[in-house]
Amino acid sequence: MRYRPPFPLDLDAVLRPHRRGKGDPCLRADESGTTWLTGNTADGPGTLALRRFPDGEIEAAAWGPGAERLLDGVPALVGAEDDDSGFVSHHDQVAQVRRRMPGLRLGATGRVWDALVPAVLEQKVTGYEARRSWRELCRWFGEPAPGPAPEGMRVPPTPKAIMSIPDWTWHRAGVDHSRRKALIFSAQVAHRLEKAASLRGAEGRAWLRKVPGIGVWTAAEVAQRAWGDPDAVSFGDFHIPAVVGYALLGTPLDDEGMAEVLAPYAPQRQRAVRYLEAAGFSRPRFGPRFSPRDYRAM
């Protein structure tokens, strides 16, 4: 299919939040400029390939039982449902990024489960640990990507696959007890969790938080990706308050301080954060990085 977005679009920037590290087996870009994504749909697994041409038109192709649903979701994925009409830049830094990156939109996959698994894996661990666990679980329990996808690509593990994982394999993948419990609880009610994407907003995030082990941070991370929630700030994140603080005030913040600084942006606080992240603002490094733990050696 062909889709011409009626708005400026930076496809790479829009898709970046969905990629879990350079080795993500569920999202890759090849040398031709095609971006490949995999996902679980109500009809089954599928692979989606997107290629943007210089004139702005997007060519999309899909394979597998979920192909039709993935193609139907292309406009939302690249930000067609994103409405930034009421957004006002209250800081010069945000205004500058907004002018410089007019093609940055908040895309939505419509798939809660696929966003929830990696979000839970990222709870209270380093990015290195979480990405390693994600790669290994996808490789061991995710189906091979349908169609001519790049070698090694996988579909995220289904709820049934997550519930089949024995304790020793969780340990081997570096996933501690609290995160595996959250994933198992989520898998048991996965069919009901998808309702969050239709509820949207604070109501959708509250629906996710009914599951033990799914808190404010995890619900926000899912909301940002599953329905492009413009107000779902990841409170409780190790990095984001400092990023926002240094970008806007030149000093680090905690969650309370970040909430105060972002308050004027409601109900589009996450959009402001996304602008800062996309522009490359980061917290200064004053010491050694936090060392990842290897649960497999315990």
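Predicted model: local features only at pLDDT ≥ 70, side-chain atom pairs only at ≥ 80, totals over all residues.
The accessible surface of the protein is about 14200 Å², and carbon and sulfur atoms make up 52% of that.

Me: How do I read the radius of gyration of the protein?
Reply: Compare it with what a compact globule would give. For 298 residues that would be near 19 Å, and the protein has 19 Å, so the two agree. Along the principal axes, the C-alpha atoms fill a box of roughly 50 × 50 × 35 Å.

Me: How many of the residues of the protein count as buried?
Reply: Of the 298 residues, 51% do. Now look at strand β3, residues 35-41: seven of its seven residues are buried.

Me: Which residues of β3 lie on each side?
Reply: Here's the general idea: side chains in a regular strand alternate between the two faces of the sheet. In β3, T35, L37, G39 and T41 sit on one side, with W36, T38 and N40 on the other, and both faces are covered.

Me: Which strand pairs with β3 over three bridges?
Reply: That's β2, residues 27-29, and the pairing is antiparallel. L27 stands opposite L37 in β3. The two strands form a hairpin with five residues between them, and G33 in the turn has a positive phi of about 90°.

Me: And how many bridges join β3 to β4?
Reply: Seven, with β4 (residues 44-52) running antiparallel to β3. Here G39 faces G46 in β4, and the hairpin connects the strands through two residues.

Methods. Residues numbered from 1 in each chain as written. Heavy atoms only, no water. Rg over C-alpha atoms; globule rule 2.2 N^0.38 Å. Buried < 20%, exposed > 50% of the residue type's maximum accessible area, 1.4 Å probe, protein only. Areas by Shrake-Rupley, 256 points an atom, 1.4 Å probe, with all protein chains shown as cover. Helix = DSSP H or I, 4+ residues; strand = E, 2+ residues; numbered from the N terminus. Pairing = 2+ DSSP bridges.
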